[in-house]
Amino acid sequence: MNMKQWMKGSSLYYIAGALLVLAYSLLWFLDAPAGVQPLRYIGGIILVVGIVLIILPRFAFRSKGKPEKGRDWTETAVVVDTEIYAIVRHPLYLGWLLIYVALILLSQHWLIVIIGVPGMVCVYLISRQEDQRLSEKFGDEYKDYMQKVPRMNLLAGIIRQVRRRDRG
């Protein structure tokens with residue numbers, strides 16, 4: 001990957017990260033509109049699910065990914081397709097996306113929506129770029145994995161996993 005490609009890809013991380021920090025910060029400073037209380041409860045549940053999805057990959061990559069000594073835990077030497085990665089290909093990005101959704105539901109403020117939607121688009125684009133990068137790195141093995149496991153659709157991933165277990 002040349003420097004121009006890296007900068008283009010990494011700028012999405014910076015934008016999505018900055019927007020998430022901004023949305024979270026504003027959550028504490030904006031006056032909460034009347035809002036719908038059940039949506040706030042749903043937002044809280046989604047927030048917890050998002051945080052769990054961000055934490056789980058670290059354990060799966062460390063135990064199954066075989067990163068080289070001294071390398072970042074995300075630099076796996078093999079395609080990890082077990083644990084959470086048997087359900088969705090990008091649990092970390094899904095978690096990030098869900099945190100945006102949670103902040104929108106918790107705040108129910110138009111400004112958080114305006115900040116959150118572009119952040120969610122950035123995270124989605126990052127996940128697409130990651131699929132492309134991993135396809136180049138791992139070849140057919142990753143392409144086969146892409147056919148079996150959805151990118152970020154948690155419900156479809158759970159259903160597919162249950163069906164695989166029922167067959168096996």
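1. A residue counts as buried when its relative accessible area is under 20%. Asp131 has a relative accessible area of 2%, so Asp131 is buried. Keep that residue in view; several points below return to it. Note also that this is a predicted model.

2. Overall fold. The secondary structure comes to six helices and zero strands. Along the sequence the pattern reads α-α-α-α-α-α. The C-alpha trace spans about 50 × 45 × 25 Å along its principal axes. The chain has 168 residues, and 37% of them are buried.

3. Nonpolar core. The largest nonpolar core holds 36 residues. Ala16, Tyr85, Trp96, Tyr100 and Val123 are the members that touch the most others. Helix 1 (3-29), helix 2, helix 3, helix 4 and helix 5 each supply at least two residues of this core. Helix 3 gives the largest share, with nine residues.

4. Salt bridges. How many are there? The count comes to three salt bridges. Two of them involve Asp131: one with Arg89, the other with Arg151. The remaining pair is Arg133 with Glu130.

5. Asp131 and Arg89. The closest N and O atoms of this salt bridge are 2.7 Å apart.

6. Asp131 and Arg151. These side chains meet in a salt bridge at 2.9 Å, N to O. This pair, too, links distant parts of the chain, 20 residues apart. Arg151 lies in the loop between helix 5 and helix 6 (154-167), and Asp131 in helix 4. Is Arg151 buried or partly exposed? Its relative accessible area is 22%, so Arg151 is partly exposed. Asp131, at 2%, is buried. Salt bridges with shared partners join Arg89, Asp131 and Arg151 into one network.

7. Arg133 and Glu130. Here the closest N and O atoms are 2.8 Å apart. Both residues lie in helix 4, three residues apart, which is about one turn of the helix. Arg133 has 25% relative accessibility and therefore counts as partly exposed. Glu130 has 14% relative accessibility and therefore counts as buried.

8. Negative surface patch. Which residues gather in a patch of negative charge on the surface? They are Asp81, Asp140, Glu141 and Asp144. Asp144 is found in helix 5 (residues 140-148). Asp144 counts as partly exposed because its relative accessibility is 45%.

9. Nonpolar surface patch. Val48, Ile51, Val52, Ile55, Leu56 and Phe59 form a nonpolar patch on the surface. Together they have about 520 Å² of accessible area. Val48 is found in helix 2. Exposed means over 50% relative accessible area. Val48 has 52%, so Val48 is exposed.

10. In brief. The predicted model shows six helices and zero strands. Its largest nonpolar core has 36 residues. One salt-bridge network joins Arg89, Asp131 and Arg151. The surface carries a patch of negative charge that includes Asp144, and a nonpolar patch that includes Val48.

Technical notes
Residues are numbered from 1 along each chain as its sequence is written. This is a predicted model: local features need pLDDT of at least 70, side-chain atom pairs count only at pLDDT 80 or more; totals for chains, interfaces and linings use all residues. Side-chain values use heavy atoms; hydrogens and water are left out. Patches are made of residues with over 30% relative accessible area and no salt bridge: like charges are joined within 9 Å, nonpolar side chains (Val, Leu, Ile, Met, Phe, Trp, Tyr) within 5 Å. Accessible areas come from the Shrake-Rupley method with a 1.4 Å probe; for residues, only the protein chains shown count as cover. A salt bridge is a side-chain nitrogen of Lys or Arg within 4 Å of a carboxyl oxygen of Asp or Glu. Lys and Arg count as positive and Asp and Glu as negative; His and the chain ends are not counted. The place of a charge is taken as NZ of Lys, CZ of Arg, CG of Asp or CD of Glu. Helices (H or I, at least four residues) and strands (E, at least two) are DSSP runs, numbered from the N terminus. Buried means under 20% relative accessible area, exposed over 50%, partly exposed in between (1.4 Å probe, protein chains only). A nonpolar core is a set of buried Ala, Val, Leu, Ile, Met, Phe, Trp, Tyr and Cys residues joined through side-chain atoms within 4.5 Å.
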